[in-house]
Amino acid sequence: MSHVVSLIRARDCAPDQNDKEGDVGGRLRSQWAAIASIAGKVGLRPSRCAGGWITITGLSDVDHETQCWEAGAVDFVTKPINPITLRRRLDSHITLRVQADQLREFAWIDGLTGIKNRRYLDRWMRDYRLLGGGGSASIIMLDVDHFKAFNDKYGHLAGDDCLRRVAAAMKAQLRRSDDALCRYGGEEFACLLPGADIKTATAIADRLIDSVRVLAIPHEHAPRGIVTASAGVASDIVRELEASDSLLERADRCLYYAKQRGRDCVASERDLG
């Protein structure tokens with residue numbers, strides 16, 4: 001059902017009071033009611049969302065078809081409407097949409113840990129300032145402490161398993177749907193927190209490194225005898241971010257400061273003075 005919803009875009013086909021009689025765009029938007037009605041007859045419930053939409057039309061001239069494509073249609077169903085044809089067309093587009101969404105999701109997933117990858121982080125850094133308005137945004141940079149020594153002692157397979165467990169434990173601490181944990185590279189992670197101020201982000205960072213301690217993964221060459229992590233936190237108002245990488249760089253400086261303080265701790269820009 002949800003994939004049908006995401007296939008039809010009400011923004012482009014809902015009725016508009018400013019449409020003039022004879023305007024093709026207006027006729028296309030007015031067809032939203034027809035789409036909802038016919039889809040309902042075959043057990044579907046279209047709704048408002050982003051995505052393509054199917055034109056139901058009694059016209060077949062080339063100019064009309066061209067304008068339908070330009071208006072955002074992904075397919076046509078001509079009148080009189082055959083409910084089976086509509087069902088088959090929807091099924092086909094839903095399948096393609098699901099496959100495209102899955103491929104997009106796979107492209108943003110780290111193969112080792114199953115969390116978001118560097119590509120997702122780069123995309124977020126590029127787009128969030130444009131989409132986030134004037135709200136706050138925070139980033140937590142995290143690093144597994146003494147990880148090279150862990151690999152040297154226990155081997156790379158054990159190191160991979162350690163990273164998977166650490167990533168899963170930290171991801172479980174994120175309670176808001178928009179928050180994302182990404183693997184930045186090697187044993188480094190970045191936590192993206194749209195809408196979070198420095199106080200909220202620092203509290204989340206404390207939870208993240210606590211979750212790593214709770215795992216109690218043995219580490220003979222670590223001060224505590226277990227695997228730990230360090231975190232650096234930076235926050236800003238989205239509209240004030242002059243460069244897409246500036247927030248990330250500031251969080252990384254805070255992470256470096258946390259390591260200078262002895263690791264297994266959180267440092268924010270407030271600590272830098």
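Two strands are taken to pair if DSSP finds at least two bridges between them. By that criterion β3 and β5 pair in this predicted model, being joined by seven bridges and running antiparallel.

**Figure 1. Overview of the predicted protein chain.** The chain comprises twelve helices and seven strands. Of its 273 residues, 44% count as buried. Among contacts with a separation of 6 or more, 63% are made by residues 24 or more positions apart. The chain exposes about 14500 Å², of which carbon and sulfur atoms supply 49%.

**Figure 2. The open sheet of five strands.** The strand order is β4-β5-β3-β6-β7, and the pairing is mixed. From one strand to the next, the twist averages 20°. Strands of a sheet pair through backbone hydrogen bonds, in either a parallel or an antiparallel arrangement.

**Figure 3. Strand β5 and its two antiparallel pairings.** Six of the seven residues of β5 are buried, so the strand is largely enclosed by the rest of the structure. Towards β3 there are seven bridges, and Met-141 stands opposite Ala-190 of β5. Five bridges join β5 to β4 (residues 180-185), again in the antiparallel sense. Here Ala-180 has Leu-192 in β5 as its bridge partner. The hairpin of β4 and β5 has two residues between the strands, and Gly-186 takes a positive phi near 60° in it.

**Figure 4. The parallel pair β6 and β7.** Three bridges connect these strands in the parallel sense. Ala-231 is found opposite Val-266 in β7.

**Figure 5. The buried and exposed sides of helix α10.** The 18 residues of α10 (residues 198-215) should span 26 Å at 1.5 Å a residue, and the end C-alpha atoms are 26 Å apart, which agrees. Ile-198, Ala-201, Ile-204, Ala-205, Leu-208, Ile-209, Ser-211 and Val-212 are buried. These residues cover an arc of only 145° around the axis, which puts them on the same side of α10. An α-helix has 3.6 residues a turn, so residues three or four places apart point the same way. Lys-199 and Val-214, on the other side of α10, are exposed. The buried residues of α10 pack against several elements, including β3 (136-144), β5 (188-194), β6 (229-237) and β7 (266-268). Helices α9 (156-171) and α12 (269-272) are also among the elements they pack against.

Figure 6. His-219 is placed in the loop between α10 and β6. Because its relative accessibility is 1%, His-219 counts as buried, the cut-off being under 20%.

Terms used. Residues are numbered from 1 along each chain as its sequence is written. This is a predicted model: local features need pLDDT of at least 70, side-chain atom pairs count only at pLDDT 80 or more; totals for chains, interfaces and linings use all residues. Side-chain values use heavy atoms; hydrogens and water are left out. Helices (H or I, at least four residues) and strands (E, at least two) are DSSP runs, numbered from the N terminus. Buried means under 20% relative accessible area, exposed over 50%, partly exposed in between (1.4 Å probe, protein chains only). Contact means heavy atoms within 4.5 Å. Accessible areas come from the Shrake-Rupley method with a 1.4 Å probe; for residues, only the protein chains shown count as cover. The expected span of a helix is 1.5 Å times one less than its number of residues. The arc is that of the directions from the helix axis to the C-beta atoms. Axes are lines fitted to C-alpha atoms, for helices over the stretch in contact, and angles run from 0 to 180 degrees between N-to-C directions.
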